[in-house]
Amino acid sequence: MKSKACSQQIPVAETSRYDPDCSFCHVSVENDFQVVWEDDELIAFKDRDPACGHHFQIIPRLHISSVRQLRKSDVDMIKTMVNVGHQLLEQLDVETSMRKMGFHIPPFNSVGHLHLHVQALPYKNLARRLKYPTAPGFRSFHKGFSWFSDARQTILILQEGRSVGIFPC
Ligand SMILES: [Zn+2]
Ligand SMILES: [Zn+2]
């Protein structure tokens, strides 16, 4: 699969919308999450172990296991997630150039429920920074080799009908 990871057909296996064993399917104030924003589709909460001064997670309420499962029809949802991320950072006076958002790519994701990392740079230390490596694309690729897909890269890849993987895509 290797370099074809980005162009291969996505298996239509992710039909489950709720996973009882998934902690992110149970995000709520009652369950001890620091929810900062929510609507019918999405929830935003503070990362329990922030990598930088401000670090949020934005997730869809429906269980989508990861960025790999996303397709072109999900672009609008991703754009909405990014907009919410900008609003959260805007309220905290974080300059645009210091905002970073993106998704971990399995197997480098900690929770198997799609979550957009919304961060205000800089990172606390180098080890933290290395968990969120953004690699620029080259030639027709929007993204280089990396286990973290920047939100902008993710949208460009999906808009072309391709899927996001670790290898350049
Ligand atoms: Zn879930
Ligand atoms: Zn993650």
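This is a predicted model: local features need pLDDT of at least 70, side-chain atom pairs count only at pLDDT 80 or more; totals for chains, interfaces and linings use all residues.

Residues are numbered from 1 along each chain as its sequence is written, while chains are lettered from A and ligands numbered from 1 in the order in which they are written.

**Exercise 1. Work out which pattern of helices and strands the chain follows along the sequence.**

Step 1: Start by counting: there are 3 helices and 6 strands. Both are DSSP runs numbered from the N terminus (helices: H or I, at least four residues; strands: E, at least two).

Step 2: Now read along the sequence, and you get β-β-β-α-β-β-α-β-α.

**Exercise 2. Find the order of the strands in the open sheet.**

Step 1: The 6 strands of the open sheet line up as 1-2-3-5-4-6, with antiparallel pairing. Two strands pair if DSSP finds at least two bridges between them.

Step 2: Look for strands that pair on one side only: these edge strands are strand 1 (35-38) and strand 6 (148-150).

Step 3: Zoom in on one pair. Strand 1 and strand 2 (residues 42-46) are joined in the antiparallel sense over 3 bridges, and Trp-37 has Ala-44 in strand 2 as its bridge partner.

**Exercise 3. Decide whether Ile-43 is buried or exposed.**

Step 1: Locate the residue: Ile-43 sits in strand 2.

Step 2: With C-beta atoms placed from the backbone, a residue is buried if 20 or more other C-beta atoms lie within 10 Å of its own, exposed if 12 or fewer, and partly exposed in between.

Step 3: Ile-43 has 21 other C-beta atoms within 10 Å, so it's buried.

Step 4: Leaving out residues up to four places away in sequence, Ile-43 touches Val-27, Val-35, Glu-38, Ile-59 and Arg-61. Contact here means that the C-beta atoms, placed from the backbone, lie within 7 Å.

**Exercise 4. Check the radius of gyration of the chain against that of a compact globule.**

Step 1: The rule for a globule is 2.2 Å times the number of residues to the power 0.38, and the radius is taken over C-alpha atoms.

Step 2: For 169 residues, a compact globule would come out near 15 Å; the chain has 15 Å, so the two agree.

Step 3: For the overall dimensions, the C-alpha trace spans about 40 × 35 × 25 Å along its principal axes.

Key. Two residues are in contact if their C-beta atoms, placed from the backbone, lie within 7 Å.
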